[in-house]
Amino acid sequence: MKVHSLRVAYGILFVSLALASGAQNKNDGKEHESVYAELDKAPAKYQQMRNPMAHDPEAPAAGGVLFAEHCESCHGKEAMGGKKAPSLRAPEVQNSTPGAIFWILSNGVVRKKMPVWSKLPEPERWQLVSYIQSLNGGSKVSETGKK
Amino acid sequence: MVMFIPTTPSFSVICGPFRFLLLFLAAFGLTPRATQAQENPYIVAYDSNLEEPGSLEVEYFSTFGTQRSAPGFHSFWTEFEYGATAWWTTEFYLDAQTTWGGEGTLFTGFRWENRFRPLKNEHFINPVIYIEYENVNDADKILKEVEGHDVEADYAVPNAIARKEQNHELELKLILSKNYKGWNFTENTLFVKNLANEPWEFGYALGASRPLTMKGASHRCNFCPQHFIAGVEMYGGLGDVHSFGLHDTSHYLGAGLAWNLPSGWTFRAEPTFGLNDQSHQFLFRWGISYEFSEFAETVASLFKGHRE
């Protein structure tokens, strides 16, 4: 009985491993574009949000540490883009409002593989926003609006 | 009785999960990139946070328990938690236990659970649907959930007898969770059906947790307070469909701490106390886990799954 149970257990595990390789669909440019398009769907309330960390000189650095810990494996080193997720240096992201980026971080795009990051406290999410907006020389980014 | 003695025929049976784990770690441990998990300290309660897509978290958990009418025990289990998509996490468990007093160590069964996030965006409360199939015997003591009229005396049956009773159970949970100002609050309602024509049983779990600080440090560090999450959880049984309520049920309260290291390791510890005479007086639970963030790509390459 025990041997049978273990064989069943192993069987399920190996089938799961095989499925794991297939479950991750390839990511192409079109999918990245559709993820960028999600930024425009942020509700007006979020689009108008100020970044409370905008005047914190350490926020981009702290956001960079958080990015390396949580985001880099998908979005690539220094947010240049990876196999699984798009570059965050693209104009679609860099021209977005801080609130729209915060909204995407908080809600994810779960149908397109972007997980929900509401498990990070709000100040950490805003630190990530500060980092993302600092990537292309973000000093021009205002508290609330676009560059 | 199945013992952890190399000379017995059952050695390979018992070592199976661990042998596989060693092979697994040898195959994947050095190759994929790790990413920091942000795990809450709960051992029993679930929140709405799912595994990141393509990531695999390998976890080992352990519970030391005291029993008033039988020897104490050490139950342990391995979990393989995989993010199939951003809205679906699937998890596979292998359970085992040792009961002191010469009762030995035995493999007690496996579980396969799935968690689905039905809603696209974050809401005031975020539901997750949980579906699990269990194939475990009566000697299983991991106490991953408390249901129905489970009480301390049920775990006092000697292993040699308890292991003969095999259970096939379907377990459903409605997980309602909220992240608010750094806190996580979660409530799980549990519905369990033993497929051998037994009544539906019910249970609950509640949890609250919070990182020690809300802001991230501007430098990489292992001991920064942001990496520590403290929490409490409470769980217990609610009877069955014929006898719903708190009568003849057990209930527990645990205070836990999770330490999420930037290297991908997470440590959790939780002393737990029984809240009534039907509960174990004390359980000490701890766990260690490691998150492989590029697991799917690594498996795909092993199966030659590179697609252009």
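Here are some questions and answers about a predicted model with its chains and residues.

User: How are residues and chains labelled, and which pLDDT do local features need?
Analyst: Residues count from 1 along each chain as its sequence is written, while chains are lettered from A and ligands numbered from 1 in the order in which they are written. In this predicted model, totals for chains, interfaces and linings use all residues, side-chain atom pairs count only at pLDDT 80 or more, and local features need pLDDT of at least 70.

User: Happy to start with chain A: how many helices and strands does it have?
Analyst: Helices here are DSSP runs of H or I with at least four residues, strands are runs of E with at least two, and both are numbered from the N terminus. Along the sequence, chain A reads α-α-α-α-α-α-α-α. The count is 8 helices and 0 strands.

User: Is α7(A) parallel, perpendicular or oblique to α8(A)?
Analyst: Their axes, which are lines fitted to C-alpha atoms over the stretch in contact, come within 9 Å and cross at roughly 125°, with angles running from 0 to 180 degrees between N-to-C directions. Angles under 35 degrees count as roughly parallel, over 145 as roughly antiparallel, 65 to 115 as roughly perpendicular and the rest as oblique. Therefore α7(A) is, relative to α8(A), oblique.

User: Which residues does Phe102(A) touch?
Analyst: Two residues are in contact if their C-beta atoms, placed from the backbone, lie within 7 Å. Phe102(A) is one of the α7(A) residues that meet α8(A). Leaving aside residues up to four places away in sequence, Phe102(A) touches Tyr46(A), Met49(A), Arg125(A), Trp126(A) and Val129(A).

User: Is Ala79(A) buried or exposed?
Analyst: Ala79(A) lies in the loop between α5 and α6 of chain A, and its phi is near 60°, a positive value in a residue other than glycine. A residue is buried if 20 or more other C-beta atoms lie within 10 Å of its own, exposed if 12 or fewer, and partly exposed in between, with C-beta atoms placed from the backbone. Because Ala79(A) has 22 C-beta neighbours inside 10 Å, it counts as buried.

User: How far apart in space are His168(B) and Asn135(B), C-alpha to C-alpha?
Analyst: His168(B) is in strand β6 (residues 166–180) of chain B, and it touches Asn135(B), Leu195(B) and Ala196(B), not counting residues up to four places away in sequence. His168(B) and Asn135(B) are 33 residues apart in sequence, yet their C-alpha to C-alpha separation is 4.8 Å.
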